[in-house]
Amino acid sequence: MSDLADEVHLSKSQVNRIFVEAYGKSPIAYLTMQRAERMAHLLRTTSRSVAAIAQEVGWSDPDFAARQFRRGVGLTPSDYRTMHRVTSTQVAG
């Protein structure tokens, strides 16, 4: 947040206020949402481990990533992947 504020020459609180006005959520909430969406995509399209996907989207701790993903998506990463595979298999079959 400090780097972003410095880059645009505003205080952190001003950046936060403007960001919330523009996107409807704080920069951290927005980043978390983006990471969860990217993680969901990778869970659907790859067979990489949850830990590897978490690392790729910017979460170094896979347990933290799983909690954030579940908070945003409503399922654990493993359950999300299983649900998607079952749905894809049923659609393809």
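Q: How many aromatic pairs does the structure hold?
A: In this predicted model, local features need pLDDT of at least 70 and side-chain atom pairs count only at pLDDT 80 or more, while totals for chains, interfaces and linings use all residues. Residues are numbered from 1 along each chain as its sequence is written, and side-chain values use heavy atoms, with hydrogens and water left out. Rings of Phe, Tyr and Trp (its six-membered ring) pair if their centres lie within 6.5 Å, with planes under 30 degrees apart counting as stacked, over 60 as edge-to-face and the rest as tilted. On that basis, the number of aromatic pairs in the structure is five.

Q: Is Phe19 buried or exposed?
A: Buried means under 20% relative accessible area, exposed over 50%, and partly exposed in between (1.4 Å probe, protein chains only). Tyr30, at 27%, is partly exposed, whereas Phe19 has a relative accessibility of 16% and therefore counts as buried.

Q: Which residues do ring pairs link into a cluster?
A: The rings of Tyr23 and Tyr30 have centres 5.2 Å apart and planes at 45°, so this pair is tilted. Tyr23 is partly exposed at 48% relative accessibility. The cluster linked by ring pairs consists of Phe19, Tyr23 and Tyr30.
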